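Hi,

Here is the structure I promised to pass on. Have a look at it first, and then read my notes below.

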Amino acid sequence: MTFPATDTVVTYPDGDLASTGTVLHVEPLEEGRSAVVLDRTAFHPVDPVWPDQPADAGTLAVDGRDYAIVDAVVGATDGSALYVGNAPVRTGTEGWAFVVCHLVDDASGIEPGATATVTVDGELRRALSAGHTACHLASLALNDAFAPLWTKDVPVDGRGRPNFDQLAITSSRILPEGSLDEYRIGKSLRKKGFAAAELAGRIEEATEAIDATLAGWVAAAAPIAIVRDGDGHGLGERRRWRAELPEGVVEIPCGGTHLRSLAELASVTVALELSEADGALGLTMRTTAQPA
Ligand SMILES: [Zn+2]
């Protein structure tokens, strides 16, 4: 059995909702499922290493037959085996090919060499792109609102604010037209100079500040783009989200999909909630993006 030697060419970062490619490999999985690997695809897969944006929904058509894509995950191969969603290395590691694994319940009739057309559910994609764009914006606005709570120098975000989001985040989930981010404020964050004790008294004020910042960015109809580091379009190559905010361009490394402009949104708002668990503070940020 041969495995793909190069990354899947991915066109979802450009906003594509359909693609035509060639079947390179069909890997049998448990319970009769199979992973279908193509040379190129418009289908966004979930990355199990940081599963923020879920997989697209859609279909694969081969020889006039439609196959529902029940899930899609990042796969990796070193030439000896294909790891479907459980790669032992990080996406982008040298010497490995990173591929989109389109999971189907029954792959009978799909053979390597066949032409396969991918069609993505545009409504779900649009809602997830809105959620992902809003998530990045909210993280920047959160860093801004929490900036006065830092008493020491820490790494900063693309706007020069202490990067609370990066330092404290434990999980991020992109939802249709929203996101759910979880932060942990424990001993190490306090040691870095974060005034955790002041947080409870300032949550309301911070929420208002974040919403006001977000309203300003939405009103400015800021353009959004995905920028590639290199010339390649391989799954494992690094990409960045770029927003042309009124006060300057901001970039965040990102493998997901996004809107083209904040003109596509009517509003972005957040709700913050504090909790306590084993000596640490937990903060949940729920972000909601209202389409225009
Ligand atoms: Zn992202």
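**What I found**

The protein chain exposes about 13,200 Å², and carbon and sulfur atoms supply 49% of that area. Bear in mind that this is a predicted model.

Let me begin with the chain as a whole. The protein chain has four helices and 17 strands. Its radius of gyration is 21 Å, close to the 19 Å that the globule rule gives for 292 residues, so the chain is as compact as a globular protein of that length. Along the principal axes, the C-alpha atoms fill a box of roughly 60 × 40 × 35 Å. Of the 292 residues, 48% count as buried. If you look at the contacts with a separation of 6 or more, 67% of them come from residues 24 or more positions apart.

As for charges, the protein chain has 23 positive and 42 negative ones.

Now to the metal. Which residues coordinate the zinc ion? They are H132 and H136, each through NE2, and C254 through SG, at 2.1 to 2.3 Å. Along the chain these donors follow the spacing H-x3-H-x117-C. H132 lies in helix α1 (residues 122-146), while C254 is in the loop between β15 (248-253) and β16 (265-277), so this pair ties together parts that are 122 residues apart in sequence.

Are H132 and C254 buried or exposed? H132 is buried, with a relative accessible area of 1%. C254 counts as buried too, at 8% relative accessibility, because the cut-off for buried is under 20%.

You will find P162 in the loop between α1 and α2 (164-168). P162 has a relative accessibility of 16% and therefore counts as buried. What does P162 touch, leaving aside residues up to four places away in sequence? The list is N143, A147, W150, V154, P155 and V156. P148 sits 14 residues from P162 along the chain, and the C-alpha atoms of the two are separated by 9.2 Å.

Cheers

Note on methods:
Residues numbered from 1 in each chain as written. Predicted model: local features only at pLDDT ≥ 70, side-chain atom pairs only at ≥ 80, totals over all residues. Heavy atoms only, no water. Donors = N, O, S within 2.8 Å, 3.2 Å for Na, K, Ca; no water. Helix = DSSP H or I, 4+ residues; strand = E, 2+ residues; numbered from the N terminus. Buried < 20%, exposed > 50% of the residue type's maximum accessible area, 1.4 Å probe, protein only. Rg over C-alpha atoms; globule rule 2.2 N^0.38 Å. Contact = heavy atoms within 4.5 Å. Areas by Shrake-Rupley, 256 points an atom, 1.4 Å probe, with all protein chains shown as cover. Lys, Arg positive; Asp, Glu negative; His and termini not counted. Charge placed at Lys NZ, Arg CZ, Asp CG, Glu CD.
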